[in-house]
Amino acid sequence: MQTIYDLNLKMLEEVLAEYGQKPYRAKQIYHWLYQKRCSSLDEMSDLPAALIDRLKENYCLDPLKELTRQVAKDGTTKYLFEMQDGSSVEAVLMHFHFGDSLCVSSQIGCNMGCSFCASGLLKKQRDLTAGEMAAEVMYVQKELDAVQGRVDNIVIMGTGEPFDNYDNVMRFCEIINSDHGLAIGARHITISTCGIVPAINDFAKGHYQYNLAVSLHAPNDELRAKLMPVDRAYPLDRLMDALKKYSEDNHRRLTFEYILLHDVNDTDEHAVQLADLIRGMNAYVNLIPYNEVDENGYHTTNEKKALHFYDILMKHGVKATLRSKHGEDIDAACGQLRAKHEMGSRTE
Ligand code: SAH
């Protein structure tokens, strides 16, 4: 059954019109869903009982349940949720000095096939709906309510390629960003893409205020195509042109994600090439320590070398940050917990 979290305000108003209800009821319902954070549609005590019944005939509230979780020493919590069709998705809550960030999944499995990533171990089964993504957030927010906590930031960096599920992801962002919804500021929402150029162009035209992060991971096509098959469809020259246009038209700073893989993409030469590729753009590079995945043979660059790589970028005029590891003692890499759960002992 479709979750009511799937409806943006306009869709909800349309549904209510069909039911012969006044449009103001939509905001009332949103208030129950996102501010009071009701745990059942029956709690909406200022709505007519007949309306609640009608909604319940057509919509459920929670389309997911928790299957398992892992909590790291630093408090990072990885949830594994089961959807109504029995498939499972992950979400990861991380605590930072600037607030709590929730990393949500956008698809069940992923077809992008990046060679270092655990998500690709399980092919895409389907896209998540906007409401299923919103339900990931609501589940965690309701848990944080108990300790007066708040999901401050959303990063769409879990399993899946958000720009391969563009419409649902954009509606999800709209719902959680809505003043009548969770009111998470657009600049607190980050969409991470592996570089699907037509969707980047659409995103640029939409003039959204959400942050855009791009998984680069290599400074030339030869290496990037080996790591990320998407590079063959959308090579670096096309990707960088689209990103420059996005950034200039929207006056937005971009983030490039670059996982450091030992002896694969972390030499001095790679750093110089990367700086040459990005210099002059309104962008910075987020250097990410690799979370090792048993299956694929890639290793993490050590801290000293990571710092050296960072220094080269800075010296060559490119801003960078070196991200600290979160949830190191749990299966925090994208898709790791899910892959382990689905494949049973194979990855134990
Ligand atoms: N498909 C989107 C979003 C999901 S992946 C994208 O490619 O951006 C989110 C980020 O996590 C990407 O930068 C991805 O390359 C990175 N990632 C994947 N596996 C990882 C691992 N084992 N360790 C660290 N980062 C990883």
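The model is a predicted one, in which local features need pLDDT of at least 70 and side-chain atom pairs count only at pLDDT 80 or more, while totals for chains, interfaces and linings use all residues. Residues are numbered from 1 along each chain as its sequence is written, and side-chain values use heavy atoms, with hydrogens and water left out.

Helices (H or I, at least four residues) and strands (E, at least two) are DSSP runs, numbered from the N terminus.

Several polar contacts, meaning pairs of N or O atoms within 3.5 Å, can be followed by eye. A backbone N or O atom of N291 is 2.8 Å from a nitrogen atom of the ligand, and a polar backbone atom of G160 is 3.0 Å from a ligand nitrogen atom. E257 takes part through a polar side-chain atom, 3.2 Å from an oxygen atom of the ligand. Taken alone, the ligand exposes 530 Å², of which the protein buries 93%; such areas come from the Shrake-Rupley method with a 1.4 Å probe.

Strand β8 also holds T193. Is T193 buried or exposed? T193 counts as buried because its relative accessibility is 1%; buried means under 20% relative accessible area, exposed over 50%, and partly exposed in between (1.4 Å probe, protein chains only). Leaving out residues up to four places away in sequence, T193 touches E161, F163, I200, L212, A213, V214 and S215, where contact means heavy atoms within 4.5 Å.

I200 leads on to helix α6 (residues 197-206), where V197, A199, I200, F203 and A204 are buried. These buried residues line one face of α6, because they fall within an arc of 160° when seen down the helix axis; the arc is that of the directions from the axis to the C-beta atoms. Among the elements covering them are α5 (166-177), β8, β9 (211-215) and α9. Just after α6, H207 takes a positive phi of about 50°.

Finally, some loops deserve a look. R37, in the loop between α2 and α3, has a positive phi of about 55° although it is not a glycine. D263, in the loop between β10 and α10 (268-278), likewise has a positive phi, near 60°, and is exposed because its relative accessible area is 53%. R253 sits in the loop between α9 (236-250) and β10 (254-260). Apart from neighbours within four places in sequence, R253 is in contact with N282, A283 and Y284.

Key: A polar contact is a pair of N or O atoms within 3.5 Å; within protein, one must be able to donate a hydrogen and the other to accept it, and residues adjacent in sequence count only if both atoms are side-chain atoms.
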